[in-house]
Amino acid sequence: MEIAHRQMNRVDLLEIAGRVDAATAPQFKRQLDTLLDAGRNRIVLDLAKLESISSAGLRVLLEARRRARDWNLAEEEGGDIRIANLPPRIKEVFDLTGFTTLFELYDDTVEAAGSF
């Protein structure tokens, strides 16, 4: 798994490539925790190059979403994890697990970043 990070004005973009499984989920969690610990709670995940995601990866997403939304700020300043460029095979996983109702999904990163 490879993670590329780009910090924009109020949003952080993480591009995830490869597989998020039991072996790589801790690296994924560390990257998200680093941002959230720094108060960077508006995060867009670009999943265009994501090949697969396991239950360990899905748990990391859920925990990061909870942390981003629990941030102690006014609602207009609140955070979230938004998903962009969800590949069809990963969308099937999201549909089966109910994640499509938990996360806001966008067709591209510009739209996702602009949604904050």
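User: Two strands count as paired if DSSP finds at least two bridges between them. With that in mind, what is the bridge partner of I3 in β2?
Analyst: I3 is partnered with I16 of β2. One thing to keep in mind as we go: this is a predicted model.

User: Got it. How many bridges join β1 to β2, and do they run parallel or antiparallel?
Analyst: There are 6 bridges between β1 and β2, and the two strands run antiparallel. They make a hairpin, with 4 residues between them.

User: What sheet do those strands belong to, and in what order do the strands come?
Analyst: It's an open sheet of 5 strands in the order β1-β2-β3-β4-β5, and the pairing is mixed. β1 and β5 (residues 104-106) are at the edges with a single partner strand each, so one side of each has no neighbour in the sheet. On average, neighbouring strands are turned by 25° against each other, direction ignored.

User: In which sense do β3 and β4 pair?
Analyst: They pair in the parallel sense, over 5 bridges. As an example, I43 has I81 in β4 as its bridge partner.

User: And how many bridges join β4 to β5?
Analyst: 3 bridges, and those strands also run parallel. I83 is the bridge partner of L105 in β5, while A84 stands opposite Y106 in β5.

User: Is β4 mostly covered or uncovered?
Analyst: Mostly covered: 5 of its 5 residues are buried.

User: Switching to helices. Which residues of α1 are buried?
Analyst: A25, F28, L32, D33, L35 and L36 are. They cover an arc of only 160° around the axis, which puts them on the same side of α1.

User: So which exposed residues sit on the face turned away from that buried side?
Analyst: R30, T34 and D37 are the exposed ones on that face.

User: What do the buried residues of α1 pack against?
Analyst: β1 (2-7), β2, β3 and α2. α1 lies across β1, β2 and β3, and runs at about 170° to β2. Another helix, α3, packs on the sheet as well, touching β3 and β4, and its direction makes about 110° with that of β3.

User: What follows α1?
Analyst: G39 does, and its phi is positive, near 80°.

User: Now α2. How far apart are its end C-alpha atoms?
Analyst: They're 21 Å apart, which agrees with the 21 Å that its 15 residues (55-69) should span at 1.5 Å a residue. For α1, with 13 residues, the reach from first C-alpha to last is 18 Å, close to the expected 18 Å.

User: Which residues of α2 are buried?
Analyst: A56, G57, L58, V60, L61, A64, R65 and A68. Their cover includes β2 (12-20), α1 (25-37), β3 (42-53), β4 (80-84), α3 (88-97) and α4 (99-102).

User: Let's talk cores. How many residues are in the largest nonpolar core, and which have the most contacts inside it?
Analyst: It has 26 residues, and L45, L61 and F94 have the most contacts inside it. β2, α1, β3, α2, β4 and α3 are the elements giving two or more residues to it. The largest share, 6 residues, comes from α2. As background, nonpolar side chains tend to be buried together in soluble globular proteins.

User: What does L61 touch, not counting residues up to four places away in sequence?
Analyst: F28, L45, I53, F94, F99 and F103. Apart from that core, there is a second, separate one of 7 residues, among them V11, L13, A84 and A113.

User: Last topic, G79. Where is its place?
Analyst: G79 is in the loop between α2 and β4.

User: And why is G79 called buried rather than exposed?
Analyst: Because the relative accessible area of G79 is 13%, and buried means under 20%.

User: What is G79 in contact with, leaving aside neighbours within four places in sequence?
Analyst: N41, R42, A68, R69 and F116. The C-alpha atoms of G79 and V44 are separated by 10 Å, and these two residues are 35 residues apart along the chain.

How values were computed
Residues numbered from 1 in each chain as written. Predicted model: local features only at pLDDT ≥ 70, side-chain atom pairs only at ≥ 80, totals over all residues. Heavy atoms only, no water. Expected span 1.5 Å × (residues − 1). Buried < 20%, exposed > 50% of the residue type's maximum accessible area, 1.4 Å probe, protein only. Contact = heavy atoms within 4.5 Å. Arc of directions from axis to C-beta. Core = buried A, V, L, I, M, F, W, Y, C linked by side-chain atoms within 4.5 Å. Axes fitted to C-alpha atoms, helices over the stretch in contact; angles between N-to-C directions.
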